Amino acid sequence: MWLSCTPKYAVASFSRQIFKSYFHVLGRWRCNVAAFMPEAAGFEGVWDRSALQDFSVSDSESFWAAAARQRLSWIRAFHTVQDCDLSRGQIRWFEGGKLNVSVNCLDRHVHTCPERVALIWERDEPGSEVKVTYRQLLEMTCRLGNLLRRRGVKRGDCVTIYMPPCPLAVASMLACARIGAAHNVVFAGFSAEALAERIRDAQSSTVITVNQGVRGGKLTELKATVDAAVHNCPTIQQVFVAMRTENPVAMTARDVAMEEEMLKEDVVCEPAAMDSEDVLFLLYTSGSTGKPKGLVHTQAGYLLYAALTHRYVFSYHDGDVFGCVADIGWITGHSYSVYGPLANGGTTVLFESTPIYPDPGRYWEMVQRLKINQFYGAPTAIRLLLKYGDQWVHEYDRSTLKTLGSVGEPINTEAWEWYYRVVGDGRCPVVDTWWQTETGGICISPRPSDPDAEIVPGMAMRPFFGIKPVLMDTEGKELTSNDTSGALCIAQPWPGMARTIHNNHQRFIDTYCQPYPGYFFTGDGGYRSKDGYYQITGRLDDVINVSGHRIGTAEIEDVVNQCSAVAESAVIGYSHDIKGQGVYAFVVLKKDVDIQEADLSLELNNMVSTKIAKYASPDFIQFVRRLPKTRSGKIMRRVLRKVVDRDLNRLGDLSTLDDPAAVEEIIQGHRELCGKQQSS
Ligand code: WT7
């Protein structure tokens, strides 16, 4: 009523005011979300970050199409955003598009800022870091690309890289990408046999390695390991050898002195125009059967996902120094030491050493010296350093740090608090990032879309853009309520996900797509809190996680069973206060075997180290007369786990056991073994 008697000018000014403030707020939000993510400016109805998150899931095609156009340089535009059918394991993104990953990681930054540092190689010896600019890295990559081409490596071939983190390893990955070959990086801690198995499965004709590795002040004979491996690899034609140390190694006719030959090559190398869905790399990881699987990642989708997650999860800004201390032999090294940071034109650290070399202050001394802004490490290292005490941290200036990241396994509250309070001085958000080799990049982490959001210690919390996590019950139905646990699946495809298992698409379907048709099954269990946040509770399959390294118990059993004295074995993971999980092997000997148990333990440990890797070697080997089995002959691992966890009240239903007395013996033997190890 009062409006009618208000003078006209007052109404006009009043409504102007409303409009002004409305537009002001609107403008700020729009500007806020567009400044945060430029492509969001074009999304209908997306005013703020939570709307952006919703939009990325409900209209993931528009979201990813805009991101792909904005973030990647294309040789030819894509015509189809996605063509996916999870139930058949068909995943295709950005079809019709052509691009080159090395151009996206190098050339476009050389155009704008050639002298910006791309890599800081933090060598084993502290204070001897080497900086490589974008111009230099492009040059290195081109020379190596030309060399590979001249030596017969073609588009579609697969090159195995067995190197520690170093600029030439990155150049090798990018050189493959430049000429359209796939790479297969094998962690340089793997044994000759494990390397050979991966070379054979990938059908590589070329291996790239270094004469020796240097880690924690010790030399490792990498070239000799390659020699032993390729002996059993009929496909291998040549081995490129770079010199990490000055010590000469024996070279054969098959070997190529890499740096020498690179010098003869041109610094310009024509990039191959790759289809979005051509293979970028294979990366082997353990599954629940004995044979490791070569997960396949392709070009555009992987690169886009690595780049976007790197930028938003860690709040990476231009000019920051990003320090991911993972080895390039793991997916973390691929996505967050190499592809993500380089696609973003960032400066990335390649860490060659260990957290305690030359002393437990190494990480923080490095943070101070290199002025690292985002530090990304593993809970196992945090737990180890925590035990050495705070003084190692306090000694160094960590004021450049802005974000702390954790990856590889659940981070316990104690380690989280120490990381946050002591390392980060309570200033830096800690992001606990959940993902896998299969997911290509981070899928769940505290702050993908909001740099100010609340963080709960020890929780991965929120899905990244375009990710829709769901929990499934035992019947395969989606659990919709909060405060509930189930099998963690992802309900719709995203560009970073693996496309297949090399040479075994059926295994890909069986492992990831069959268990919950229409969903991607992660193999992990998850809990969704009352507030809707996700917490990862651990693997649901026979895969264990030792110091953030994944290993299938079946893989270890296969090796143990190869020992002529062994009849059968069962390997389980148990909780270990530094490594997260340790390896515990139960071994049944053949009848009439006359050998000291201690000698046999040593032999079995050796076998696992030389056939797989040191980290897989059992911490405990318990010799038993028989294993607990069901009447149909299945080993009851659940019972073994309970014995080792000392959870004897919850052994569960033993009525299906073939011979319940076996359990008593095992309990007794376990007590004796632990007593022995403690006193020794
Ligand atoms: C498995 C994947 C992703 C790079 C390193 C490992 C476990 C990983 C977390 C985390 C709880 C985690 C899962 C997963 N995992 N990150 N933040 N919280 N668990 O890659 O070798 O493919 O292993 O590591 O069990 O499935 P990966």
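In the predicted model, the side chain of T245 reaches the backbone nitrogen of N247 at 3.4 Å. T245 itself is placed in the loop between β11 (238–242) and β12 (255–257). A further polar contact, of 3.0 Å, joins the side chain of T245 to that of N211. When residues up to four places away in sequence are set aside, T245 touches N211, Q212, V214 and L219. With a relative accessible area of 13%, T245 falls below the 20% limit and is therefore classed as buried.

Salt bridges number 43 in the model. One of them pairs the side chains of E122 and R362, with an N to O distance of 2.8 Å. Because E122 lies in strand β4 (residues 117–122) and R362 in helix α12, this pair ties together parts that are 240 residues apart in sequence. Both partners are covered: E122 is buried, with a relative accessible area of 0%, and R362 counts as buried at 1% relative accessibility. E122 also forms a salt bridge with R369, the closest N and O atoms being 2.8 Å apart. R369 likewise lies in helix α12, so its pairing with E122 in strand β4 ties together parts 247 residues apart in sequence. R369 is partly exposed, however, its relative accessible area being 22%. These residues belong to a network of salt bridges that links E122, E129, R362, E365 and R369.

Helix α12 (residues 362–370) is mostly covered, 7 of its 9 residues being buried. The buried residues are R362, Y363, W364, E365, M366, V367 and L370. Just after the helix, K371 takes a positive phi of about 55 degrees.

Another salt bridge is formed by E665 and R625, whose closest N and O atoms are 2.8 Å apart. E665 lies in helix α20 (residues 661–679) and R625 in the loop between β31 (620–624) and α19 (637–644), so the pair ties together parts that are 40 residues apart in sequence. E665 counts as partly exposed at 31% relative accessibility, whereas R625, at 62%, counts as exposed.

Side chains of opposite charge can pair when their charged atoms come close. E555, placed in helix α17 (residues 553–561), is buried yet has no salt bridge. The nearest side chain of opposite charge, that of R198, is 4.4 Å away, and the limit for a salt bridge is 4 Å. The side chain of E555 instead makes a polar contact of 2.7 Å with the side chain of S286. Leaving out residues up to four places away in sequence, E555 touches R198, S286, T289, G290, P292 and I612.

Around the ligand there are 17 residues, of which D432, T433, T437, D524 and R550 come nearest. At least two residues of this shell are supplied by each of α11 (331–343), β20 (430–433) and β26 (534–539). A nitrogen atom of the ligand lies 3.5 Å from a backbone N or O atom of E409. An oxygen atom of the ligand is 2.9 Å from a polar side-chain atom of Q436, and an N or O atom in the side chain of R539 lies 2.8 Å from a ligand oxygen atom. Taken alone, the ligand exposes 560 Å², of which the protein buries 95%.

Methods:
Residues are numbered from 1 along each chain as its sequence is written. This is a predicted model: local features need pLDDT of at least 70, side-chain atom pairs count only at pLDDT 80 or more; totals for chains, interfaces and linings use all residues. Side-chain values use heavy atoms; hydrogens and water are left out. Helices (H or I, at least four residues) and strands (E, at least two) are DSSP runs, numbered from the N terminus. Buried means under 20% relative accessible area, exposed over 50%, partly exposed in between (1.4 Å probe, protein chains only). Lys and Arg count as positive and Asp and Glu as negative; His and the chain ends are not counted. A polar contact is a pair of N or O atoms within 3.5 Å; within protein, one must be able to donate a hydrogen and the other to accept it, and residues adjacent in sequence count only if both atoms are side-chain atoms. Contact means heavy atoms within 4.5 Å. A residue is near a molecule or strand if one of its heavy atoms lies within 4 Å of it. Accessible areas come from the Shrake-Rupley method with a 1.4 Å probe; for residues, only the protein chains shown count as cover.
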